[in-house]
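Work through the exercises below with the sequence and the coordinates open. Each task is followed by a solution in steps.

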Amino acid sequence: MAVNNIESESEARIYGFTRRASAVLTHFICIVFSLFIALMSRPGTSLFSWHPFLMTLAFSFFMTEAVLIFSPHGSPIKGFSHKTKSRVHWILQCLCVSCAVLGLAAIFSNKHLNSKPHFTSWHGLLGLLTVCVVALQSLAAVPLIYHSLAKGWSLAKLKRYHAASGLITYLLGSMSLLLGLCSAWFTASVKDYNWYLSALCPAVSALMIMNQVTSAYMAKKRLKA
Ligand code: HEM
């Protein structure tokens with residue numbers, strides 16, 4: 001019995017450590033990736049330069065940090081109440097949507113000024129869908145703050161739908177980032193190992209965020225069962 005207890009204690013310690021390590025790794029990836037794209041695009045040097053910079057800031061930095069706020073193992077404000085975490089979450093999400101809209105405006109006007117056709121690539125099409133979905137997702141989250149706006153919907157149900165649709169939005173953002181990395185502009189300057197390393201950033205972050213959101217959802221389901 002005592003041996004079993006020691007075994008399960010050390011197992012729990014190992015699991016706790018790996019979960020904390022992966023949350024720290026996700027913070028690290030989203031910061032380093034955003035800095036790398038900022039370095040590559042040098043925002044302010046041209047109208048185009050704002051596009052990769054703002055989009056990475058929106059979907060790699062703000063959106064990832066907005067979800068990690070709720071991570072039980074790697075939240076930067078772990079000791080704070082759920083109410084404070086929710087407030088920081090929606091502030092970060094507002095920043096994400098603002099950067100995404102400005103990033104879209106930058107590439108749209110850049111193409112318009114250069115008389116280039118719009119939304120002709122998979123990246124452009126999925127990117128447009130992503131910006132529309134993130135704006136809708138944020139609007140649909142308003143009843144979570146003002147519950148009286150969604151009569152007949154329980155708060156628990158609203159939260160469940162918000163988490164599931166938020167996860168889809170995050171995955172759309174990661175896919176758009178990945179397709180952005182496949183653009184002629186990026187592949188002209190970042191090649192071979194460096195390209196694969198860059199592509200790993202949104203891919204690994206997406207896996208970590210998917211794991212965090214689905215684990216929280218499963219834990220709630222188990223509690224109800
Ligand atoms: C989630 C993040 C992103 C979204 C939502 C997004 C969205 C878009 C959209 C909607 C367009 C088409 C605009 C038009 O046709 O008028 C576009 C174009 C473009 N984006 Fe992004 N973008 C993102 C990230 C990136 C990143 C990280 C890069 C570079 C590393 C990038 C590079 C480009 C380039 C070179 C174009 C012009 C060529 C094309 O239309 O495919 N984007 N983006």
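**Exercise 1. Locate His-73 and decide whether it is buried, partly exposed or exposed.**

Solution. The structure is a predicted model.
Step 1: His-73 sits in the loop that joins α2 to α3.
Step 2: Count the C-beta atoms around it; there are 18 inside 10 Å of His-73. A residue needs 20 or more to be buried and 12 or fewer to be exposed, so His-73 is partly exposed, with 18 such neighbours.
Step 3: Leave out residues up to four places away in sequence; His-73 then touches Arg-19, Arg-20 and Ala-23.
Step 4: For a distance across the chain, take Leu-200, which is 127 residues from His-73 in sequence; the two C-alpha atoms are 22 Å apart.

**Exercise 2. Examine the phi angles of Arg-42 and Phe-119, and state where each residue lies.**

Solution. 
Step 1: Recall the background: most residues other than glycine have a negative phi.
Step 2: Arg-42 is not a glycine, yet its phi is positive, near 45 degrees. Arg-42 belongs to the loop between α1 and α2. It is exposed because 10 other C-beta atoms lie within 10 Å.
Step 3: Phe-119 also has a positive phi without being a glycine, at about 50 degrees. Its place is the loop between α3 and α4. Phe-119 counts as partly exposed because it has 14 C-beta neighbours inside 10 Å.

**Exercise 3. Characterise the residues around the ligand: which come nearest, and how do they divide by class?**

Solution. 
Step 1: There are 27 residues around the ligand, of which Ser-121, Gly-124, Gly-127, Ser-176 and Gly-180 come nearest.
Step 2: Helices α2, α3, α4, α6 and α7 (184-189) supply at least two residues each to this shell, and α4 has the largest share with 6.
Step 3: By class, the shell divides into 14 nonpolar, 12 polar and 1 charged residues.

**Exercise 4. Compare the end-to-end reach of α6 with the expected value, and list its buried residues.**

Solution. 
Step 1: The buried residues of α6 include Gly-166, Thr-169, Tyr-170, Gly-173, Ser-176 and Gly-180.

**Exercise 5. Relate the annotated transmembrane regions to the secondary structure.**

Solution. 
Step 1: The chain has 8 helices and 0 strands.
Step 2: An unreviewed UniProt entry annotates residues 21-41, 47-70, 90-109, 121-146, 167-187 and 193-219 as "transmembrane region".
Step 3: Residues 21-41 are 100% helix, with end C-alpha atoms 30 Å apart.
Step 4: Residues 167-187 are 90% helix and 0% strand, and their end C-alpha atoms lie 28 Å apart.

Conventions
Residues are numbered from 1 along each chain as its sequence is written. This is a predicted model: local features need pLDDT of at least 70, side-chain atom pairs count only at pLDDT 80 or more; totals for chains, interfaces and linings use all residues. A residue is near a molecule or strand if its C-beta atom, placed from the backbone, lies within 6 Å of it. Helices (H or I, at least four residues) and strands (E, at least two) are DSSP runs, numbered from the N terminus. Ala, Val, Leu, Ile, Met, Phe, Trp, Tyr, Cys and Pro count as nonpolar, Asp, Glu, Lys and Arg as charged, and the others, Gly among them, as polar. The expected span of a helix is 1.5 Å times one less than its number of residues. UniProt positions are given in the numbering used here, feature names are shortened, and annotations may be inferred rather than shown by experiment. Two residues are in contact if their C-beta atoms, placed from the backbone, lie within 7 Å.
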